[in-house]
Each structure stands twice: as C-alpha cells, then as structure tokens.
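Subject: Structure handover

Hello,

Here is the structure I promised to pass on. Please open it alongside this note.

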Number of protein chains: 2
Amino acid sequence: MEESWATLGVDLHLEPTGAGGLRRGLTDALRDAVRTGRLAPGTRLPSSRSLATDLGIARNTVAEAYADLVAEGWLTARQGSGTRVAAGAPAPFPGTGASPRRREPERPAHSLLPGIPDLAAFPRTEWLKAARRALAAAPYDALGYGDPRGRPELRAALAGYLARVRGVRTDPETVLITSGFTHALRITAAMLGARGVRTVAVESYGLDTYWGLLRQAGLATPALPFDEHGTDTGGLHGAGAVLLTPAHQFPMGTPLHPDRRAAVVDWARRTGGLVLEDDYDGEFRYDRQPVGALQGLAPDRVVYFGTASKSLAPGLRLGWMVLPPSLAEAAAAAKGGTDTVGVLEQLTLAEFITSGAYDRHVRSCRLRYRRRRDALAASVSARAPEVTVTGIAAGLHAVLLLPPGMERSVVQAAAWQGLALHGLSFHRHPQAVAEPLDALVVGYATPPDSAWAGALEALCRVLP
Amino acid sequence: MEESWATLGVDLHLEPTGAGGLRRGLTDALRDAVRTGRLAPGTRLPSSRSLATDLGIARNTVAEAYADLVAEGWLTARQGSGTRVAAGAPAPFPGTGASPRRREPERPAHSLLPGIPDLAAFPRTEWLKAARRALAAAPYDALGYGDPRGRPELRAALAGYLARVRGVRTDPETVLITSGFTHALRITAAMLGARGVRTVAVESYGLDTYWGLLRQAGLATPALPFDEHGTDTGGLHGAGAVLLTPAHQFPMGTPLHPDRRAAVVDWARRTGGLVLEDDYDGEFRYDRQPVGALQGLAPDRVVYFGTASKSLAPGLRLGWMVLPPSLAEAAAAAKGGTDTVGVLEQLTLAEFITSGAYDRHVRSCRLRYRRRRDALAASVSARAPEVTVTGIAAGLHAVLLLPPGMERSVVQAAAWQGLALHGLSFHRHPQAVAEPLDALVVGYATPPDSAWAGALEALCRVLP
C-alpha cells in the first residue's frame, strides 16, 4: 500500500460517519481528500481489494465508491494503470477566504428613511391563519406553473378591493400580479419600449432607482416642473408616458391638483400617451378620505401600480398593476411565459383581503402612524420653531423644511448621531428646474413602536 | 331642481349604503353615476343646499362629497357656474365585455407532460409548520427590502444541503436565490452579455423556452452534438459559455460521460469559458447514488442552477444559483438592487431544509416515483413490445423510443384521447445534427396518485 494512501486511511474517519451508509461515507471522504488537495492529481489509489481489506468492508462497496467518483470526474480508471486521482482535479475551493466578501453595512441606531412601514407591526398571526386557510382551499394544481398574470383568486380580490377603496375601475382580467413596484416598472418599460415609446417624463422629486431603471431600458426621463399644485404636466409634448404619484407626491406629499389631474388625462386621450400612476401609499390618509385613483378617470389610458410593501411588508414581494384592457396581454407577455411570483403568498394575500384582515390591519396602521405624525409635528413645532413640517395629510413620511442652506449639515449631524435620514436633495431629479429646497424627508413609520420615541428624540436633537 | 338630478336622486339608494358613512355613500353614488354615463359631461349638479334638503342630510356632507369628487376630477367647480360633471369624464369602463378575454385552454383528461412533480403530494401540513416556526424566529427587519442575494438563512441552508447531497462546493456568500430557473437564466444572460459573451452553446435536446430567453438577450445558441455518451462539447471553440444538464440530460436521460465531464471542465479552464449546469432533478436517481454535480470539479468555472420546482412545487417560485466567487457580485447586481423573491417563502424553505423535512419529503417522492417508473416500464414492455423505455435511471420522466416514423401519429392519438404528451421532436433543437428519433417524453411524476393508473392506461392505449 502506498504512503499517500496510508495517510488518507487515517483521515477517513469511516467508522462514525455511517449516516448515508458505508459506501456514501467512503465516497464523501475520498472526494474531500481530492478536493482539499490531500490527494494530489495523478496519485494512484490502492486496488479496491486492498482498500476493502484495510477498512474491513466489502470489496464491492469500495468498487462502487470508486465508480461513483470516476463518474463525477474526481478519479480516472484506465485499463492497466488502475484508479488515479484525475489530472484536472481542482484546487481548493476558491471562495474560501480568498474572495472579497461583501461587508454588511453598519446599522444605524435609528432609521427615519422613508418608504418602509413598521415591520414589527406585521400581522404574523393573522397572516399565518390566512395562509392555512388559503392552502387548505387551494386545488393541487394551483401549485404548478401558473398564468403569468397571477393567481385568479388574488386578481379578483384586488379588483374588488381597489374599486372599493381607491376608486379604481378594473376587473380581474386587467390585473397583473408582480413582485413589487420595481418589477412592475420593469415590465412597463419593456412594454413601452416594444411600442416605440422613447421618453417617459418623470416628476422633479422621486426615486432615482426608478428613473435609472427606465433609463437602463433605453428610455429618456426628463423632469416635469413642480409647484404647490403638484407636478405640472403642461410640457409633456414629446413624451409617450408620464410617471406620477398623483394621490400623494413622493416625497413632497402634495396631491395633484384637480385641474392637473384633468389636464394629464386630457393629454393622454389626445396623444395616445400613457399615465403611469404609482399609488404607493394610497391607503394612508389621515384627516379625510384618500384622494381617489387617477385611473378611475381614464382606465384606458392609465397604468395603475400598487403594492403590499407599505400596507404589510416589502419582504412579501407582492405588487400589482391594473392595465388598460388593450395592454393587458402585452404586459403579461412582458412578465414572461409563466408566473414568477410565489403562489402561496398570492393565495394568502387573497384570503387576507377577502376575509377583511387587510382592512383591519390598514386601519390599525393608520391609527399608529397618525399618532406618530401628530407627535412629530408637535415635537418639531415645540423644539425647532424654524422648521416647517409639510406633506403630512397622508402617507408614511413628512417633509421638514429647513432654513436655507442647512440641509447638508443637518443630514451630516444625523449621520454622526447614528440616525439614518435623507435630505430632500437625495430625491431631487438632476434636471429639476425649480430652486432647490433645503429639507429632510422623514419616514416616521419606519421604526418599530419601541424605537419610535428614541428616533424622534434623535431627530429633534439635530434640527436647528 | 333639474330633470337629470331628480333621476339621480331616485337611484342614489342612500339610506341603506351607510357602510362608510353618509358622505362616503354619497360620494360613491355620485361617482358611479358619472362613471356609468348616467350623468353626462357638463351636467350641472344641484347646489349643495338643495341636494342636502332633498336627501335630508347636512349641507356640509354634500359640500364635502362634491369637494372630494372635484379633487378626483369627476366634477368641476367654477365661480358662477356651480358644480358640473367634468368635461373629460370617462366613458363606461372599456374592459367590460368589449376587450378580448384570454380563453382558458381546455384541460386534458390526463397529463404526462414532463417537468412537473406530483403536486397533490406537496407536504402542506409540514410546510405550514415550517412557515410558523420560520416566522416566529424571524427578526422583524427580515420583512423589509432585502439583500438581492436572498435571505442569509436560506443561502446557508442551501450551501450545506448542496454540499452534502450534490457534492457542490460553495458557501452562503456565493449562493443567489431566484424565483426559479428562468429567473436565474435571465440573470445569467444579463451577466454574460455584460462580460462580452455572444454565444452560449446548448444541447441538441432541451427546452426552447430557455434557448429563446438566451436569444432574446442577444446571445447565439448553437446546438452541440449528442450521442450515447451525452452531449459532445468538443466543438465549443467560439462559445463563451455552455448550458448543460450533466447529471441527467433533459429529456434524453443519460448522464454526461466522465470523459466529457473532464473535457468540458478542461475547456472552461483553458478558455475562461463558463459551464452553466442545470441540475434540474438532481435529487431523483433510483438505482444508485445520484451523479454528483459537475460544479464540484470546477467551482470557479461552473454556474450551478437548482430549484424547488421538481422537489416541492413550481408554484413556490424558489430557485438558486451557486456562482464562481468572482461572479457572485455581478450576479447579485444583475438580479437588481433589492431582493425580488418573497422573504417568507425563503425563510420557510430554510427551515424546511434544516429541520430535515426536505430530505424526508424527497425520499418519500423518490419512493413514489420509482414505483411509477417501474409500473411504466412493466406496462410498456407487456403491452407495447415495439417500444423501448429509456432514460429511467433518474428523474421524473422517461423517453419511450417508438418505431421509426410513428411519433407524430402517436402524439396525435394521445391528443384525441385527452392525454397531454410531448413527442421528442418538441424538445429537439432546430439545428441539431443527429438523425431525428421518434420518441415520446413521458412525465410520469405529473399526475396525482389518484390519476396515475388512468394516465398510464391512456398511454398504453395509444402506443403501437
């Protein structure tokens, strides 16, 4: 028996690792030995007979283990030269230690970043109950490859819910389920590109992630002017579509003025353009009934977008589009040949909506967030009289107007305090024409209840 | 009071619809009236005072309802001309009746299409238990926007599982969670395109969906020759990558010969090419231990793909990639800025794997499918001696070789019998060079247990 094999024999630890049977234990041990370089390429292995004797096991077991490893390419077996470690056997796993690891970003003590609801308030028990009911009711073939538009149960539940709560005019045939707004916007960009659209006008304030996604799809994204009536869509001449947040401009917080709503619908009708209505937090309005969806005015010219990310949690990855009937097929095709969104989550959300749990959860969140909003307004007014709180009629965030020139230093001070916060300039379109405002965008829904008071205190400390 | 208003008053049904309060009921009723065309554009509405008197409600309620609808664009309010239905008020919902509906395809009585497991065997109770444990253990911020690579719990569980069961060499840093193989291939195509790859060689047999996806991404997909040793990768000269099913060629069922495994790894090392290893049903081998993953031979040159679609259910939309460490960041970036796969499903699968429920389920399926495979082989041999069953050492389907020239008529006869079935030509690359074979691809895992005997009987009836 060769030297190298004696060493291997010692390291095999065959006796205890019988979990998968002797042959499996032997195969794994041999594979590891080759993998880690303990057995160098070209090393000749003992005959199956001698190894079997050495290990006190059946010869056949060794022969089968060798055959497995020959089949996998670790060993070679040639007439006359016995079994050897293959010449191309690999170096140690290159990922171990050598590769640059992604460092986890350091977590701030407090976060008031906008766009995230209180995740600690996610209704875990109710969600699981709905999941159990949904799974019990689902036919077995619901678990197969599905219609790209999404599960019919969820499309029907959403069609009813959106008509009732947001004034959206739809039916299940024109609803498309997505994994969130980003996915929906990707689908839309592909669909617009295929229709020859080259320009999607956007608002002066918003999220660069979305503008970037449109640009990546080859679309130009000029910025529309913004004033106290919201986004001015008067200059839409060349655009094939416009991306708006009509119910509650993100992040400025103003609803689109009725005249402007009428004007943009008129533009779409006149030119065949499309309005992309991002109704990202439509359920959350505190002092009066929410402004209805623009889609209701022109279902044939508006693509409506909503998600469960603000009302439940982003981690569900559930969103929806309501499409003009003429575009429903094209959008489903742009999404792909089969559904890409998990069926169980879809069925659970459908059950969650139809059972009334969704309405109850939204109402309870509305109460929680309204209290926080009121506390924010009261604290800022008491402790930072130079700061004006705006955009708080609705939504999960407020805009705090600062004295001119102060935004950068306040955001910097917040970072020092371990408070994650965006200045308004973070959300400003690079080609926006209006005078830049110094302001903070404060996501007051973001902290869990237990951290809210601390986050508010940290905010007040950095305000001028 | 005008005529049109009297009509409207009758139709308002205000008394019973008090669910959302009087104002809400009034707003909804008015909106509906405009929407359905009952109130034509330009129609002047009664003053809020007179309508309030008429309805016996507070004037303020009517004024607020009017204001809501002005804000939404349904009505206009102008000094001196009162409140009117807006000129741009929409026609009835264009989707109702007018749009072409997608017809549900007629369902065949039996399906033996490949690629789908027995969905009736989905372990609903165990899955829900895992979901409950996973959700109870999850930190609240797991429900937020996540790392595009996927949840660390699932990446760790998969890294361990794939190393143990498939001989994959990885760690959680190089695992990427996807919504299935299609999503993973999309990510890969984007990544390859960005690296300047123009050609991905594919096998002579496979799925046109995948080839089409690569072509859509601008990649050429020439076919490699195929023989009894599997795909011949000798002619890979110009390709930047090759898409293979090494453990169990889809659909032919042969494992890639050890020499060919070595040769393709050698090609990749020599040229810097990438092997895309689709390990679509790696867990299912019946007569001996599965062939290990090719990835284990060259983790720095192989992108490994797996999913839960065959082992659990396609509807979960859960898949994974194992990437060479040098490509892990690029793949995560190609997936997008945040995770697009539902967090709860990811956490549940992680718990399902680490608790041992996944192994138990796979073993139980293996037993079920092996019995079906044996029944298929026995029935065909007894009732159709001219037909040869091949490719049955592993996987969820078999290839039934027919006498020359018979494929089309057998597939046609199956369709008449209500039996969904693919001929091998359905899976043949248009540029494949080998002589076409007449054969059927029979997915024997597809029917639920209750329908299996009937499906097998239907199959035997159409065989020559």
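My findings follow, grouped by topic.

One caution to begin with: this is a predicted model.

**The interface**

Start with the contact between the chains. On chain B, 89 residues are in contact with 89 residues of chain A. The two chains bury about 7,500 Å² between them. Of that area, 53% is on carbon and sulfur atoms.

What does the rule find in the way of salt bridges across the interface of chain B and chain A? It finds 0. Polar contacts do turn up there: 18 residue pairs, both residues at pLDDT 80 or more. Several helices give two or more residues to the side of chain B that touches chain A, among them α2 (22-35), α4 (59-72), α5 (124-137) and α6 (152-166) of chain B. The list also includes α9 (258-271), α10 (328-335) and α11 (343-354) of chain B. The largest share comes from α5(B), with 7 residues. By type, this side of chain B divides into 38 nonpolar, 19 polar and 32 charged residues.

**Nonpolar cores**

The largest nonpolar core has 70 residues. Which members touch the most others? They are W320(B), L349(B), L376(B), L400(B) and L459(B). Take L376(B) as a way in. Beyond its neighbours within four places in sequence, L376(B) is in contact with A398(B), L400(B), V442(B), Y444(B), W452(B), L456(B) and L459(B).

**Salt bridges**

Over all chains, the search finds 46 salt bridges. A few are worth a look.

- R260(A) pairs with D227(A), the closest N and O atoms being 2.8 Å apart. This pair links distant parts of the chain: R260(A) is in helix α9 of chain A, D227(A) is in strand β6 (residues 226-227) of chain A, and they are 33 residues apart. R260(A) counts as buried because its relative accessibility is 14%, under the 20% cut-off. D227(A) is partly exposed, at 25%.
- D28(B) and R31(B) meet at 3.1 Å, N to O. Both lie in helix α2 of chain B, 3 residues apart, about one turn of the helix. D28(B) is partly exposed at 24% relative accessibility, whereas R31(B) is buried at 7%.
- D208(A) and R215(A) meet at 3.3 Å, N to O. D208(A) is partly exposed, with a relative accessible area of 40%. R215(A) is partly exposed too, at 38%.
- D118(A), R368(A), R372(A) and D449(A) are linked in a network of salt bridges.

**The loop between β8 and α9**

In chain A, H248(A) sits in the loop between β8 (241-244) and α9 (258-271). Is H248(A) buried or exposed? It is buried, with a relative accessible area of 3%. The side chain of H248(A) makes a polar contact with the side chain of D281(A), at 3.0 Å. Setting aside residues within four places in sequence, H248(A) is in contact with G253(A), T254(A), P255(A), Y280(A), D281(A), G391(A), A394(A), G395(A) and H397(A).

P251(A) is found in the loop between β8 and α9 of chain A. The peptide bond from F250(A) to P251(A) is cis, with omega near 0 degrees. In chain B, the bond from F250(B) to P251(B) is cis, with omega near 0 degrees. P251(B) is placed in the loop between β8 (241-244) and α9 of chain B.

**Other backbone and loop details**

R317(A) has a phi near 50 degrees, a positive value in a residue other than glycine. R317(A) lies in the loop between β10 (302-307) and β11 (319-322) of chain A, and counts as buried at 7% relative accessibility. For R317(B), phi is positive at about 50 degrees. R317(B) is in the loop between β10 (302-307) and β11 (319-322) of chain B. R317(B) is buried, at 7%.

Last, L224(A). This residue lies in the loop between α8 (208-216) and β6 of chain A. L224(A) is buried, at 5% relative accessibility. The C-alpha atoms of L224(A) and L243(A), 19 residues apart along the chain, are separated by 10.0 Å.

Best wishes

Definitions and conventions: Residues are numbered from 1 along each chain as its sequence is written. Chains are lettered from A and ligands numbered from 1 in the order in which they are written. Side-chain values use heavy atoms; hydrogens and water are left out. A nonpolar core is a set of buried Ala, Val, Leu, Ile, Met, Phe, Trp, Tyr and Cys residues joined through side-chain atoms within 4.5 Å. Buried means under 20% relative accessible area, exposed over 50%, partly exposed in between (1.4 Å probe, protein chains only). Contact means heavy atoms within 4.5 Å. Buried area is the accessible area (1.4 Å probe) that two parts lose on being put together, summed over both. A salt bridge is a side-chain nitrogen of Lys or Arg within 4 Å of a carboxyl oxygen of Asp or Glu. A polar contact is a pair of N or O atoms within 3.5 Å; within protein, one must be able to donate a hydrogen and the other to accept it, and residues adjacent in sequence count only if both atoms are side-chain atoms. Helices (H or I, at least four residues) and strands (E, at least two) are DSSP runs, numbered from the N terminus. Ala, Val, Leu, Ile, Met, Phe, Trp, Tyr, Cys and Pro count as nonpolar, Asp, Glu, Lys and Arg as charged, and the others, Gly among them, as polar.
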